[in-house]
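This report goes through selected helices, a sheet and some backbone details of one model. Please keep the sequence and the structure in view while reading.

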Amino acid sequence: MSTENKETAGRATRLLHAGHEPKVFHGFVNPPIVHASTVLFPNAAAMRERGQAYTYALRGTPTLDALEGALNELEGSAGTVLLPSGLAAVSVPLLAFLSSGDHLLVVDSVYGPTRIFCDGMLRRMGVEVEYFAASLGTGIAARMRPNTRAVFLEAPGSNTFEMLDVKAVAEIAHGANAVVMMDNTWATPLFFRPLEHEVDLSIHALTKYPGGHSDVMLGSVSATREAFPRLRAAQMQMGINAAPDDAYLVFRGLKTMPVRLAHHQAAALDLAHWLEGREGVARVLHPALPSFEGHELWRRQFSGSSGLFSLVLDGGGRAQAEAFLDALELFGLGYSWGGFESLALQPSLSDRTLTPVPAEGPVIRLQVGLEDPEDLRRDLARALEAAANAR
Ligand SMILES: *Cc1c(COP(=O)(O)O)cnc(C)c1O
């Protein structure tokens, strides 16, 4: 694409042309899948200077470059590192920026395994880990300490979708010299670009919408120019990068992410509206519903919503939740989300220490897939009936 075209192009257009220039590889539309360890140098001086584009496969290949380039285009980042899972994309930046004696602030509604890493490995290494409720907002200023080195955000929060003002919190963190990381998996960079809201490192489970087909696990961290070198150094010291086939699958998935996400968004909103106020449903937790507590914060900052939301059953406990789940035929019972198929589960919320857990009844999380929405509606109606019959 010409530079002029690139500046005016929409996000989907830019995404389709990001990361790989066909003429660089014989005109093939897609990048090569390079399986490699060794890269040869033409002579000893070239080897000493390591001036060529590729020097060793751990440090980069044309396949990894293609995906990193596409993600940099989407996130507006200076550099991206790829890691073998979304969770590794959480743990590596935390390890990169934190040292013994540092203080870390983490939003309470964070992805559960992120919390296990913070409470486990980080505490063992002497990092002081403190949680804050998303609702604290700019009150986070009072939690900053001289040794606060990092603030970890996720918005909306996992399973219950708590929102926060990302830029306001990030500015306070920067004022105290802390680096700001954000897990941006729910929105994807199509609906939220953290680096435009003062975040330093944007984290993705590429396993979800970017992969999109439930057949690959991968993670990414996209960083500002200032934060990237330290992140990249940690990745190289730890010796972790993406495998070529996995990087290729995600690069391929990205091409259709805008159309898939448009469908996920519309179908999920349609079902969320339908569920709201229905017999047996106490509340629907979806940031794009005007009834949702964090709706205004979502509307001001995000340009769209994805296919993951929760509903709160009106009364009951585990028996009703399990009757609901077992009555589903199209929604599969399984972890993860962002693939083509609909999924449901009852999330564990018992690790929250500061965020109120919905009291009306059990929470059911839904990932709305690409099936015909009317079929999904019938499936949910059947499940609500089964939950009611289990009382
Ligand atoms: C799934 C998920 C992750 C972890 O991704 P994996 O690839 O499954 O390790 C991280 N953050 C959030 C918000 C997630 O939903």
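The model is predicted, so local features are given where pLDDT is at least 70 and side-chain atom pairs at pLDDT 80 or more, while totals for chains, interfaces and linings use all residues. Residues are numbered from 1 along each chain as its sequence is written, and side-chain values use heavy atoms, with hydrogens and water left out. Helices (H or I, at least four residues) and strands (E, at least two) are DSSP runs, numbered from the N terminus.

**Helix α13**

Helix α13 covers residues 373-389, which is 17 residues. The expected span of a helix is 1.5 Å times one less than its number of residues. For α13 this should give 24 Å, and its end C-alpha atoms are 24 Å apart, which agrees.

Buried means under 20% relative accessible area, exposed over 50%, and partly exposed in between (1.4 Å probe, protein chains only). The buried residues of α13 are P373, L376, D379, L380, A383, L384 and A387. They cover an arc of only 140° around the axis, which puts them on the same side of α13; the arc is that of the directions from the helix axis to the C-beta atoms. An α-helix has 3.6 residues a turn, so residues three or four places apart point the same way. R378, E385 and N389 are exposed, on the face of α13 turned away from its buried side.

Contact means heavy atoms within 4.5 Å. The buried residues of α13 pack against the helices α10 (244-275) and α12 (318-327), and against the strands β8 (281-285), β9 (308-313) and β12 (363-367).

**The sheet**

Two strands pair if DSSP finds at least two bridges between them. Five strands form an open sheet in the order β8-β9-β12-β11-β10, with mixed pairing. At its edges are β8 and β10 (332-333), each pairing on one side only. Strand β11 (residues 343-345) runs antiparallel to β12 and is joined to it by three bridges. Within that pair of strands, L366 in β12 is the bridge partner of A344. Helix α12 lies across β9, β10, β11 and β12, at about 130° to β9.

**Two helix pairs**

Axes are lines fitted to C-alpha atoms, for helices over the stretch in contact, and angles run from 0 to 180 degrees between N-to-C directions. A crossing is left-handed if the near helix is turned anticlockwise from the far one by less than a right angle, and right-handed if clockwise.

| Pair | Angle | Axes apart | Crossing |
|---|---|---|---|
| α10 and α13 | about 35° | 10 Å | right-handed |
| α4 and α10 | about 35° | 8 Å | left-handed |

Helix α4 is made of residues 62-75. Its contact with α10 involves T63, L64, A66, L67, A70, L71 and L74 of α4, and P244, A247, Y248, V250, F251, L254 and M257 of α10. Towards α13, the α10 residues are A267, D270, L271, W274 and L275, which meet P373, L376, R377, L380, A381 and L384.

**Backbone details**

A155 and P156 are joined by a cis peptide bond, with omega about -5°. P156 is in the loop between β4 (148-154) and α7 (166-175).

R50, a residue other than glycine, has a positive phi near 45°. R50 sits in the loop between α3 (44-49) and α4, and is exposed, with a relative accessible area of 52%.

T188 is not a glycine either, yet has a positive phi of about 60°. T188 is in helix α8 (residues 188-191) and is buried, with a relative accessible area of 1%.
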